[in-house]
Amino acid sequence: MAYFYKEPSYTFSEYLLLPNLTKATDTPENVSLKTPLAAFKNGETARLSLNIPFTSAIMQSVSDDHLSIALAKEGGLSFIFASQTIEEQARMVERVKKFKAGFVVSDATLKPDHSLKDMYDLLEQKGHTTMPVTNDGTAHGLLDGMLTSRDYRQGMDLSTKISTLMTPVDRLVTGHDGISLEAANEIIFQHKLNVLPITDTSGNLVHLVFRKDADSHRNHPCELTDKEKRYVVGAGINTRDYAQRIPALVDAGADVLCMDSSDGFSEYQKKVLDFVKSKYGNKVIIGAGNVVDREGFLYLANAGADFIKVGIGGGSICITREQKGIGRGQATSIIEVAAARDAYFDKTGTYIPICSDGGVTHDYHITLALAMGADFVMMGRYFARFDESPSRKIKVKGGFVKEYWGEGANRAKNWQRYHVGGNARLTFEEGVDGYVPYAGRLNDNLAITLYKIKSTMCNCGAATVAEFQRTARITLVSALSLREGGAHDIQLRDDDFMSSK
């Protein structure tokens, strides 16, 4: 007969943290939220870590190149959605990698004999108003000059040659190849420049360094960058076209891949992991999931997953439980999988980070997920509310909202996500299409959430995520305790009512 679990599964809202001793050194500014993303051996460090334990969901309405850049600036990571063509997804990855502050290879370069019309065409294509001019129009040609928006104006003859508008190289301040970023920024500020071209000993253009990038770095001390000071970006994949999609994403510069599936406990995911390990070894980081128990975790861990996502049916737009009767309370899932992860580490010496995906309604749910053993969280609704998400902001009933739909909704047409073999197509929905309240800029909202997490960790006497997981004390709460925890037995202030009195 079927196996029946004796205990019910629980959600985050059914738990509370108990405070530990808060030491004098336990202040939010002393708390580190750095956390591993990729598997590592005992005594080693992870190949990739997050500076904050936040990733954005693999969703059309959440994770594109714009949100990826915004989240990487704060220290987190986005997984660019997979339900698009391979070429389009690869271009999004490339845009993130090219955006990063520091030494930028120009992707908008002109020749001296190009016309002003050629410049406008390139401006429309690339969006850059500052363009180097090289002898052959390539990113590493002999530098002849620079063209900026101050060198031309609307109404000028479009046939005008760029050579007559640009600032020639002999009037430019340049840096030499091999200069440090700090030294390049010092030249920028000393000479009041917006951009500093970097050239080799022959005068060929190598890189560009922008003032705005230096300002951005100072304003975002936790930004997540690779060894070349480019933003770190992830990309989602499916179990159908992975043999073509993965090489394209790796070539585009994706730092980490993650399979997007409502149920990752499958042979299809093992096939993808086998493909990656045989083709790339440990050079490509790949996550798998989703799972909700020990068995699912061990299957993917033994198959070679670098991290494992946990959660089925807990997302705000997910109706998998309603449609298929499959899933588990998110808190119970994290608790069991975290225990399996720790036992696996003790047995094998390999630590495999786990990601809590779904089930977050309030900020404190993120804190509980970390305390229960998650190394980081993945969220869709949270990030969909911000300016940087790709969905439209519209006005509904006097207020602003952002469109939000699930990858299992017909709007996403993401049948690959639910691939079960053969030529199956999406025959019923496992996600809905709706709205979330518009919340403004990512930076403003995320700062508040992160401060809440750090403040709670201080109450629990923990300065790191790892310490928090070891020392947190957690209790179940009753239905009456839930009611007691909110505002009760008062008449809430109504501004309109009060102002009329």
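**A look inside the predicted model**

The buried residues of helix α1 are Asp65, Leu67, Ser68, Ile69, Ala70, Leu71, Ala72, Lys73 and Glu74. Here, buried means under 20% relative accessible area, exposed means over 50%, and partly exposed is anything in between (1.4 Å probe, protein chains only). Helices (H or I, at least four residues) and strands (E, at least two) are DSSP runs, numbered from the N terminus. This is a predicted model, in which local features need pLDDT of at least 70 and side-chain atom pairs count only at pLDDT 80 or more, while totals for chains, interfaces and linings use all residues. Residues are numbered from 1 along each chain as its sequence is written, and side-chain values use heavy atoms, with hydrogens and water left out.

Back to α1, which covers residues 65-74: since 9 of its 10 residues are buried, the helix is largely enclosed by the rest of the structure. Its N-terminal end is capped by Asp64, with a side-chain oxygen 3.2 Å from the backbone nitrogen of His66. That counts as a polar contact, meaning a pair of N or O atoms within 3.5 Å; within protein, one must be able to donate a hydrogen and the other to accept it, and residues adjacent in sequence count only if both atoms are side-chain atoms. After α1 comes Gly75, with a positive phi near 110 degrees.

A few backbone spots are worth a look too. Most residues other than glycine have a negative phi, and most peptide bonds are trans. Lys192 is not a glycine, yet its phi is positive, about 55 degrees. This lysine sits in the loop between α4 (181-190) and β11 (195-199) and is exposed, at 72% relative accessible area. Lys229 also has a positive phi, about 65 degrees, without being a glycine. The loop between α5 (211-219) and β13 (234-237) is where Lys229 is found, and at 45% relative accessible area Lys229 is partly exposed. As for peptide bonds, the one from Gly289 to Asn290 is cis, with omega near 15 degrees; Asn290 belongs to strand β15 (residues 285-291).

Next come the cysteines. With a disulfide taken as a pair of cysteine sulfur atoms within 2.5 Å, the count is 0. Take Cys258: the closest cysteine sulfur, in Cys355, is 7.2 Å from its own, so the two are too far apart for a bond. Cys258 is buried, at 0%, whereas Cys222 is partly exposed, at 37%. Ser261, in the loop between β14 (256-259) and α7 (267-280), is buried as well, at 10%. Its side chain reaches the backbone oxygen of Asp263 at 2.9 Å.

Side chains of opposite charge can pair when their charged atoms come close. Counting a side-chain nitrogen of Lys or Arg within 4 Å of a carboxyl oxygen of Asp or Glu as a salt bridge, the structure holds 18 of them. One of these joins Lys23 and Asp26 (3.2 Å, N to O); Lys23 is partly exposed, at 37%, and Asp26 is buried, at 10%. Arg230 pairs with Glu228, their closest N and O atoms being 3.8 Å apart. Arg230 is partly exposed, at 27%, and Glu228 is exposed, at 54%. Arg392 and Glu403 form another salt bridge, with the closest N and O atoms 2.9 Å apart. This pair links distant parts of the chain, 11 residues apart: Arg392 is in the loop between α12 (381-384) and β20 (393-396), and Glu403 is in strand β21 (residues 399-405). Arg392 is exposed, at 52%, while Glu403 is buried, at 7%. Finally, salt bridges with shared partners join Lys97, Asp226, Glu228, Arg230 and Asp255 into one network.
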